[in-house]
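Try each task before reading its solution.

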Amino acid sequence: MSTDRTAPTPPATDLTVVVLAAGGGTRMKSKTAKVLHPLAGRSMLGHVLAAVRELEPRRVVTVVGHQREQVAPHVEEQLPEARIAVQETQDGTGHAVRIAWDVLDDADRQGTVLVAYGDTPLLEGASLRALVADHVGAGRAVSILSGIVGDPHGYGRVVRDEAGEVTGIVEQKDATEEQRAVREINSGILAFDAAFLAAALPRLSSQNAAGEYYLTDTVALAREDGLPVGAMPLDDVLQTEGANDRVQLAELGREKNRRILARWMREGVTVMDPATTWVDADVVLARDVTLLPGVQLLGATVVEEDAVIGPDCTLEDVEVGAGARVVRTHGQLAVIGAGASVGPFSYLRPGTRLGAGGKVGAFVEVKNSSIGDGAKVPHLSYVGDADIGEGTNIGAGTIVANYDGVAKHRTTIGRHARTASNNTFVAPVTVGDGAATGAGSTIREDVPPGALAVSAGPQRTIAGWVLKRRDGTAQAQAARDAGATEE
């Protein structure tokens, strides 16, 4: 089955989705619930809920159990309309769906019921949509999303008769040697006719090697009732892979990133080195963006056309304007205007806004500040809680002293001002439009528009001081060699 099938989205009134997320995930060896471990900017469960949301179902129920105090709030944050069902004891997938069934209204127990798993982060909405369309179109009681794999060990096998009809699903623990040789596996993702599911759930038995209620036993029940059953093989079987430990999580994360980058490259983005480039699922890139090696774009970052990012940048929830250039920069919750230049070795902290054509240069840290169009902070500076007007140039080595030990205060520097090197602005202070400051000045008072503010006193030079105070040192000898005297 190819995931590029173009099946219409099922009407919301016809589809209920159950997401199973109650497992313990002990192999993760983590205080974080298994399904909440992140990759590509979302939790594993978050990726599944995003795929489910694409179907516009009438109702979503998430079954939680282990560490539900973590999982339930996360579900409510990601999908507020979802209902939560609590599985106190994990007695199998059939038991979990029965728990979900109990929280549904009669209106939700109609049409099609789709069951998915919360630890399959590669799952795509298009595949779920194709399964539901195939299920409804064939008029089946049960439809299995299956896959053909080279090594089926550990998976439930899809068993077919000589005519190719699905007769059941056998779990690894219960399979015969012949059945274990079958390479068609059950992904665990199933679509049901709701009326059949309602009748089948009470008939499930725990008489098996694991002592659990298998949801997959519904296939045999449907066959007993003479109802149609089928399986739809998924070409891209990796979509159904789960992560049981951190090794598998890393493998899925790498694959998810590969798919994200491939999609953006097909949309017209240049990625110079995919092996060192990481882009989260919610990042948005325009055509003709270029990503150089060592780039991480995280969260809800947006990059407009012709911008160049990298090398060696980490941007989280940052907006980058068209044609901007960002080099060796760490940024978070910042806005970079069109045609602006940032870096190298810059740090944009939350609340930074750099205007169009502006510049934040080498070894500059900016926090909660706006830097106007065409304004520049080129070198070795800290700008915190400040507003800098358009066209202004801030001299090298500038410090905006925004904290008095108790509270933060703002500094305002007007349009087309020119501040000299090694200045300290002690907030709160305002420098007017077109004003200037002298080198080495500490500005504690407001500077009117067009004025020059100088705070440094006249230079005092004491001749012969080194020979008198540091005689016998290499410094003194160098001075004497250059003609210095003690006068």
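**Exercise 1: A charged pair**

Arg-140 and Asp-134 are joined by a salt bridge whose closest N and O atoms are 2.9 Å apart. A salt bridge here is a side-chain nitrogen of Lys or Arg within 4 Å of a carboxyl oxygen of Asp or Glu.

Before going on, a word on the model: it is predicted, so local features need pLDDT of at least 70 and side-chain atom pairs count only at pLDDT 80 or more, while totals for chains, interfaces and linings use all residues. Residues are numbered from 1 along each chain as its sequence is written, and side-chain values use heavy atoms, with hydrogens and water left out.

Task: find out whether Arg-140 is buried or exposed, and do likewise for Asp-134.

Solution. Step 1: recall the cut-offs, where buried means under 20% relative accessible area, exposed over 50%, and partly exposed in between (1.4 Å probe, protein chains only). Step 2: Arg-140 has a relative accessible area of 16%, so it is buried. Step 3: Asp-134 has 22%, so it is partly exposed.

**Exercise 2: Pairs across the sequence**

Task: which residue forms a salt bridge with Asp-282, and where do the two partners lie?

Solution. Step 1: the partner of Asp-282 is Arg-42, with the closest N and O atoms 2.6 Å apart. Step 2: this pair links distant parts of the chain, 240 residues apart, with Asp-282 in the loop between strand E13 (278-279) and strand E14 (284-285) and Arg-42 in strand E3 (residues 42-43). Strands (E, at least two residues) are DSSP runs, numbered from the N terminus. Step 3: Asp-282 is partly exposed at 38% relative accessibility, and Arg-42 is partly exposed at 22%.

Now turn to another pair. Lys-367 and Asp-385 meet through their side chains in a salt bridge (2.7 Å, N to O). Lys-367 sits in strand E27, and Asp-385 in the loop between strand E29 (376-384) and strand E30 (386-388), 18 residues apart. Both Lys-367 and Asp-385 are buried. Elsewhere, salt bridges with shared partners connect Arg-58, Arg-59, Arg-83, Asp-105 and Asp-108 in one network. The whole structure has 26 salt bridges.

**Exercise 3: The nonpolar cores**

Task: which residues touch the most other members of the largest nonpolar core?

Solution. Step 1: a nonpolar core is a set of buried Ala, Val, Leu, Ile, Met, Phe, Trp, Tyr and Cys residues joined through side-chain atoms within 4.5 Å. Step 2: the largest core has 64 residues, and Val-71, Leu-114 and Phe-192 touch the most other members. Step 3: strand E1 (residues 15-21) supplies the largest share of this core, six residues. Step 4: another core lies apart from it, with 50 residues, including Val-279, Cys-313, Val-318 and Leu-348.

**Exercise 4: Backbone details**

Solution. Step 1: Gly-310 and Pro-311 are joined by a cis peptide bond with omega about 0 degrees, and Pro-311 is in the loop between strand E18 (308-309) and strand E19 (313-316). Step 2: a cis bond also joins Gly-343 and Pro-344, with omega about 5 degrees; Pro-344 is in the loop between strand E24 (341-342) and strand E25 (346-348). Step 3: Phe-363, in strand E27 (residues 359-367), has phi near 55 degrees, a positive value in a residue other than glycine.

Notes
Helices (H or I, at least four residues) and strands (E, at least two) are DSSP runs, numbered from the N terminus.
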